[in-house]
Amino acid sequence: LQRAEAEGLYLEFYRSYNVSLHNPGLYFDRITKVNTSDLKPCEQTMLFHPANMQNYLETTGDTEGVELVNGTLRGKCFEEYFWLPPACRLETSKCFLFLTAFGYETEVMMQRATIFHMPVVPVDVKDWDTYAKLAAEVSSLFYWWQPDPTFIGINTKMISYPPHNTSAWSRGISLSATQGIRLDKYGSRDLEVLAPTVRELIGSFSLKMDALSQ
């Protein structure tokens with residue numbers, strides 16, 4: 001990240017990954033950095049879910065990224081483990097990885113990679129422990145949420161996408177930012193009468209994400 005910023009490229013912003021304007025692959029490891037034995041083969045991933053691939057096709061129009069096999073639509077697989085986005089499909093040396101586990105945001109990243117011209121290859125790691133290990137060792141993008149202690153101590157940055165569009169997401173278009181989950185505080189209805197001091201304490205309590213991550 002520091003080298004990219006020194007050269008005027010801010011990788012926290014999704015437009016910085018547009019391969020038509022920049023070469024973000026210079027700052028990440030190649031897709032060959034990972035051993036395929038640590039990954040799920042395409043047939044065990046979201047690429048073989050026809051409904052997801054139909055939604056991807058309708059959203060992006062990327063007919064070269066899918067194929068029809070025995071009447072079933074699926075993502076087109078490269079060397080049994082990789083789906084390649086248009087941004088690096090013909091020049092794989094520019095590709096780098098998006099690591100995830102259990103299929104989280106695979107299709108989301110496929111849509112973003114295609115529409116935003118990002119040379120990002122989503123791969124599904126075989127299990128959680130291997131996912132956590134690879135995300136810490138390989139220079140890549142990876143799926144994560146907060147609060148979670150898995151990657152505390154690693155210099156991670158969140159990529160900023162367009163503001164969340166609820167209407168688009170309801171139609172299966174996942175280009176905008178994921179919606180955050182609201183964390184509310186609940187208490188007994190009569191707490192204010194039975195223990196007003198406790199009610200005031202709970203109402204005033206606030207914990208910042210930085211404190212949770214320490």
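**Close-up views of a predicted protein model**

**View A. The disulfide of Cys-42 and Cys-77.** The link of Cys-42 and Cys-77 is right-handed, with 70° about the S-S bond. This pair ties together distant parts of the chain, 35 residues apart. Cys-42 is placed in the loop between H1 and H2, while Cys-77 belongs to the loop between strand E2 (72-75) and strand E3 (96-101). The model shown here and in the other views is predicted. The sulfur atoms of Cys-42 and Cys-77 are 1.9 Å apart.

**View B. The disulfide of Cys-88 and Cys-95.** In this link the distance from S to S is 2.0 Å. The torsion about the S-S bond of Cys-88 and Cys-95 is about 105°, so this disulfide is right-handed. Cys-88 and Cys-95 are both buried. A search of the whole structure gives two disulfides. When the bonded cysteines are counted along the chain, the disulfides follow the pattern 1-2, 3-4.

**View C. The surroundings of Asp-38.** Asp-38 is found in the loop between helix H1 (2-6) and helix H2 (50-60); Cys-42 of View A is also in the loop between H1 and H2. Asp-38 has a relative accessible area of 18% and counts as buried, because the limit for a buried residue is under 20%. Once neighbours within four places in sequence are left aside, the residues in contact with Asp-38 are Val-125, Lys-126, Thr-130 and Leu-134.

**View D. The largest cavity and its lining.** The structure holds one cavity of 30 Å³ or more. The volume of the largest cavity is about 70 Å³. Its lining is made up of Lys-40, Pro-41, Cys-42, Thr-45, Leu-47, Tyr-81, Trp-83, Thr-106, Met-110, Pro-122, Val-123 and Asp-124. Two elements, helix H3 (106-115) and strand E4 (120-125), each give two or more residues to this lining. Strand E4 provides the largest share, three residues. By residue class, the lining divides into eight nonpolar, two polar and two charged residues. Cys-42, one of the lining residues, is also a partner in the disulfide with Cys-77.

**View E. The whole protein, as a setting for the close-ups.** The protein contains eight helices and five strands. Along the sequence these elements follow the pattern α-α-β-β-β-α-β-α-β-α-α-α-α. The C-alpha trace spans about 65 × 45 × 35 Å along its principal axes. Among contacts between residues at least 6 apart in sequence, 61% join residues at least 24 apart. The protein exposes about 12800 Å², of which carbon and sulfur atoms supply 52%.

Key. Residues numbered from 1 in each chain as written. Predicted model: local features only at pLDDT ≥ 70, side-chain atom pairs only at ≥ 80, totals over all residues. Heavy atoms only, no water. Helix = DSSP H or I, 4+ residues; strand = E, 2+ residues; numbered from the N terminus. Buried < 20%, exposed > 50% of the residue type's maximum accessible area, 1.4 Å probe, protein only. Contact = heavy atoms within 4.5 Å. Disulfide = S-S within 2.5 Å. 1 Å grid on protein atoms, 1.4 Å probe; cavity = no way out; pocket = protein on both sides within 12 Å on 5 of 7 lines; lining within 4 Å. Points joined across faces, edges and corners; volume = space filled by probe spheres on them. Nonpolar A, V, L, I, M, F, W, Y, C, P; charged D, E, K, R; others polar. Areas by Shrake-Rupley, 256 points an atom, 1.4 Å probe, with all protein chains shown as cover.
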